[in-house]
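Trainee: Could you take me through one part of this model in close detail? I'd like to look at the core.

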Amino acid sequence: MKRCSWVNLDNPLYVEYHDFLWGVPKFDDQELFEFLVLEMFQAGLSWETILNKRENFRVAFDYFSLDKIISYDGVKIEVLMQNKGIIRNRRKILATIKNASIYKKIQKEWGSFSNYIWSFTNHEVIRDYQYHTTSPLSDKISKDLQKRGMSFVGSTIIYSYLQAIGVIDDHDLSCYKCVKELE
């Protein structure tokens, strides 16, 4: 089977991620938060690096429990900074804690983060297939999240996030997942 050109076929985690997770519409708020955090940490790095450390991130960040992350203190931040299994970037760790609080406020306002994020497309998947890194949609969501006070949510990060959570379907035209969609 032909897959998207970015998939490292020698990495079973990457193949599994592409085949079963990337681009599949997601609606669970905890999973949506996990993907947002992982995309934030990916900024400036390869997705494969983050994917290879995903399980470490899950454990280090208490399986992305908003309430636990919101309560992180200086001691927990230092523990995270010493954790060689994750990306040890203080600014991204602090942003994760701040963003968790804002994420929770969005949940309260919208009933769920899923309702919020999917409202930008009227709960429709956008089929792109144009190899963008940003779009008017990612620009709009990025600006709204920044206005609410989130960090590390620029348009490029948000575009990647929208792809990962299935809001944007952006498989290569030669990928079996795209061909399947177009049939």
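Trainee: Which residues in the largest nonpolar core touch the most other members?

Mentor: Those are F57, F61, F113, I117, L145 and L162, out of 54 residues in that core. A nonpolar core here is a set of buried Ala, Val, Leu, Ile, Met, Phe, Trp, Tyr and Cys residues joined through side-chain atoms within 4.5 Å, and buried means under 20% relative accessible area with a 1.4 Å probe, protein chains only. Helix 2 (residues 29–42) gives this core its largest share, 8 residues; helices are DSSP runs of H or I, at least four residues, strands are runs of E, at least two, and both are numbered from the N terminus.

Before going further, a word on the source: this is a predicted model, where local features need pLDDT of at least 70, side-chain atom pairs count only at pLDDT 80 or more, and totals for chains, interfaces and linings use all residues. Residues are numbered from 1 along each chain as its sequence is written, and side-chain values use heavy atoms, with hydrogens and water left out.

Now zoom in on I117: leaving aside residues up to four places away in sequence, I117 touches L32, I141, Y161, L162 and I165. Contact means heavy atoms within 4.5 Å. L162, one of those partners, is also on the list of residues touching the most other core members.

Stepping back, 66% of the protein's contacts with a separation of 6 or more are between residues 24 or more positions apart. Buried residues make up 49% of the 183 residues.

Conventions:
Buried < 20%, exposed > 50% of the residue type's maximum accessible area, 1.4 Å probe, protein only.
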